[in-house]
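Here are a few friendly notes to read alongside the model. I have kept them as numbered points so that you can check each one on screen.

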Amino acid sequence: MDEDVPIADDLSDSGSDMDLGSSYVGGGGAPLNDAASTIYPDDSISMRDFQTTQKKKKRPPAPSVVSDAPSLVSFHSSADGHLFKTVHGRAFNNQSDLYMLPADDHEHSRLDIQHLALRLHLGSLYASKHLVEAALKPNPDCPPAVLDVGTGSGRWALDMAIQFPHAEVIGLDIVPPVLLTDADVPDNCRFEVDDANLSFAHYENAFNVVHMRGADMGINNFESWLYETARTLRPNGVLLLVVGFPQMYDSRLQPLPTREPGEEGFTWLQFLWSAVVKATHNRGNYSGDSSLHWQRWLESNPNYRNPKTRSMYIPLGPWKENMSEREQYIAALMREDCIRLLGNFKALLLGDGKKEADVDQWVANATKELQDLSVHSYSRWQYTVAVRNILPWQERLEEPRPLDAESGTMLGHASDTASAPSAIAEILSADV
């Protein structure tokens, strides 16, 4: 009989080299992509190093521990054009109108940058380090498995497959990773194209870890999704949720105010982020605000126990005094991620009726603030962890209640979630 394992909230990896164009560590430092291989040679597993390792030691394919869903769409087919549509010159998924970010090379490259920044800042691929590693320890009778929901570029799934070669890792998204080839993917990793809003019945009791980072905007009803996801987790399995807030914070970790041009405290950075949130709400999509309620929803969900929510703040650019070379690098990565992300919301803003010339100018102004460090700001990242209990899965009985304008927004102070900064050590190892 399964027993509850003690929970601790180590809110814990590898990354890849990527081209960051003209971004620099400091005002006159080396390009970031050059710095990556010299400053942190032991912190990441680049795809180049990974491929070299694979050539030296090729593993036989591991038997699948989860069912082959009939909804699976092959990742390697070049005939997957039906998965994409073109909007204002960018490729978007053709399956859901909820998620309004592109699904092209430029966006997936941005996600790789974000992945590296978060991994280096946390010092790990995942929070609750000892919980995850306990859940994924080798078990010949029931090999461990990992599901990455909203896998995006697939980088987190790939790195998990490398770190846990005995585990099967599945990356799930409504489009395949566009930058990967078959040669990039280890034998214990695969990608499935499916909608995470649909039933997970074919994944019942299949995974030891389920991870989602930044894909909440594409979930119709997140509270119901937490029930469906519990269905996939094995007893004592770990749920890892990560989200970045569209609210930026000043040097004192206070929310940057949303102001109009010319008003005191105005920044183009927060003005643009506020426009993105409002445009999303105008489409009737409040899914991006769901993370404000994760802690409360998990506490009331009978399938989980002892959820914990922590927040960490990362500078957008190397503006702080006495930053180490590593800290400058991470801050520059996060700034580059933010700049690219704001530009990638152009289609959303145009669809909201904004003029293209205005949007281009807003993005240029916000980019200048970030590049010349005239606005000292932090991005906020929330880590929520919960453990599947050992009781039989319970489905949701009450009718889902969609989020709306009265449910709260991620702009301004988020009063019903953990907003105080947590030390990285606390995120990695403190008790839940």
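Predicted model: local features only at pLDDT ≥ 70, side-chain atom pairs only at ≥ 80, totals over all residues.

1. Which residues of H6 are buried? They are Phe222, Glu223, Trp225, Leu226, Tyr227, Glu228, Thr229, Ala230, Arg231 and Thr232. The cover over these buried residues includes strands E4 (145–149), E7 (207–213), E8 (233–244), E9 (304–315) and E10 (378–388), along with helix H8 (294–300).

2. For the chain as a whole, the secondary structure comes to twelve helices and eleven strands. Buried residues account for 56% of the 432 residues. The accessible surface is about 18200 Å², and 50% of that belongs to carbon and sulfur atoms.

3. Now to helix packing. Two packed helices are described by the angle between their axes and the distance between the axes. For H7 (residues 268–282) and H9 (residues 325–344), the axes come within 11 Å and cross at roughly 45 degrees. That angle makes H7 oblique to H9, and the crossing is left-handed. On the H7 side the contact is made by Leu269, Leu272 and Trp273, and on the H9 side by Cys338, Leu341 and Leu342. The residues of this contact are six nonpolar, with no polar and no charged ones.

4. How do H9 and H11 (residues 356–371) lie, and at what angle do they cross? Their axes come within 10 Å and cross at roughly 175 degrees, and the two helices are therefore roughly antiparallel to each other. H9 contributes Arg335, Cys338, Ile339, Leu342 and Gly343 to the contact, while H11 contributes Val363, Ala366, Thr367, Leu370 and Gln371. Here the residues divide into six nonpolar, three polar and one charged. Cys338 and Leu342 of H9 are worth a look on screen, as they are listed both in the contact with H7 and in the contact with H11.

5. Is Leu131 buried or exposed? Its relative accessible area is 5%, so Leu131 is buried. Along the chain Leu131 and Asn236 are 105 residues apart, and their C-alpha atoms are separated by 8.9 Å.

Note on methods
Residues numbered from 1 in each chain as written. Heavy atoms only, no water. Helix = DSSP H or I, 4+ residues; strand = E, 2+ residues; numbered from the N terminus. Buried < 20%, exposed > 50% of the residue type's maximum accessible area, 1.4 Å probe, protein only. Areas by Shrake-Rupley, 256 points an atom, 1.4 Å probe, with all protein chains shown as cover. Axes fitted to C-alpha atoms, helices over the stretch in contact; angles between N-to-C directions. Parallel < 35°, antiparallel > 145°, perpendicular 65-115°, else oblique. Left-handed = near helix turned anticlockwise from the far one by under 90°. Contact = heavy atoms within 4.5 Å. Nonpolar A, V, L, I, M, F, W, Y, C, P; charged D, E, K, R; others polar.
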